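Here are my notes on the model, point by point. Please read them with the coordinates open.

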Amino acid sequence: QVQLVESGGGSVQAGGSLRLSCIVSGRTFNTFTMGWFRQAPGKERELVAAISWSGPNTYYRDSVRDRFSISRDNAKNTVYLQMISLKLEDTAVYSCAIKTTGSLYRYWGQGTQVIVSS
């Protein structure tokens, strides 16, 4: 099976920055999409950003479009989420996931906590 391990979370003050990493191991896929999700306590999980592994397509949620940047390093099997100008509402557990085909993200990491304080 595929394993995804996130890192880089932590506690920062509003306006600060963090870079999250997701390392993928196990079987490989020729074509897939990597996504970053987040879930705050008492709220539904939401897609934050996504990137195609072998193509140019990216997606950003409107609330993070000008502040977050998703990138990849295919040789290292790693996807990054660079977050700047963090806000209180960015506080959540952030998880990476893989969509290989269809509309569902099939493989998930364990998540990494991001806490933004004032």
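How many disulfides does the structure hold? The count is 1. Keep in mind throughout that this is a predicted model.

1. **The disulfide.** Cys 22 is joined to Cys 96, with an S to S distance of 2.0 Å. The torsion about the S-S bond is about 65°, so the disulfide is right-handed. Cys 22 sits in strand β3 (residues 18-25) and Cys 96 in strand β9 (residues 92-99), so the bond ties together parts that are 74 residues apart in sequence.

2. **Burial of the two cysteines.** Cys 22 has a relative accessible area of 0% and is buried. Cys 96 is buried too, with a relative accessible area of 0%. The cut-off for buried is under 20%.

3. **The main core.** The largest nonpolar core has 31 residues. Those with the most contacts inside this core are Leu 4, Met 34, Trp 36, Leu 81, Met 83 and Tyr 94. Strands β3, β4 (33-39), β5 (46-52), β7 (68-73), β8 (78-83), β9 and β11 each give two or more residues to it. In soluble globular proteins, nonpolar side chains tend to be buried together.

4. **A second core.** There is a separate core of 5 residues. Among them are Phe 37, Ala 50, Ala 97 and Tyr 105.

5. **Met 83.** Which residues does Met 83 contact, leaving aside its neighbours within four places in sequence? They are Gly 16, Ser 17, Leu 18, Leu 20, Arg 67, Phe 68, Tyr 94 and Val 114. Tyr 94 is also listed with Met 83 among the residues with the most contacts inside the largest core.

6. **Thr 112.** This residue is in strand β11. Is Thr 112 buried or exposed? Its relative accessibility is 12%, so Thr 112 counts as buried. The side chain of Thr 112 reaches the backbone nitrogen of Gly 9 at 3.2 Å. Not counting residues up to four places away in sequence, Thr 112 touches Glu 6, Ser 7, Gly 8, Gly 9, Leu 20, Ala 92, Val 93 and Tyr 94.

7. **Val 116.** Strand β11 (residues 112-117) also holds Val 116. Val 116 is buried, at 6% relative accessible area. Beyond its neighbours within four places in sequence, Val 116 is in contact with Val 12, Gln 13, Ala 14, Leu 86, Lys 87, Leu 88, Asp 90 and Thr 91. Ser 17 lies 99 residues from Val 116 in sequence; the C-alpha to C-alpha distance is 9.7 Å.

Key
Residues are numbered from 1 along each chain as its sequence is written. This is a predicted model: local features need pLDDT of at least 70, side-chain atom pairs count only at pLDDT 80 or more; totals for chains, interfaces and linings use all residues. Side-chain values use heavy atoms; hydrogens and water are left out. Helices (H or I, at least four residues) and strands (E, at least two) are DSSP runs, numbered from the N terminus. Buried means under 20% relative accessible area, exposed over 50%, partly exposed in between (1.4 Å probe, protein chains only). Contact means heavy atoms within 4.5 Å. A disulfide is a pair of cysteine sulfur atoms within 2.5 Å. A polar contact is a pair of N or O atoms within 3.5 Å; within protein, one must be able to donate a hydrogen and the other to accept it, and residues adjacent in sequence count only if both atoms are side-chain atoms. A nonpolar core is a set of buried Ala, Val, Leu, Ile, Met, Phe, Trp, Tyr and Cys residues joined through side-chain atoms within 4.5 Å.
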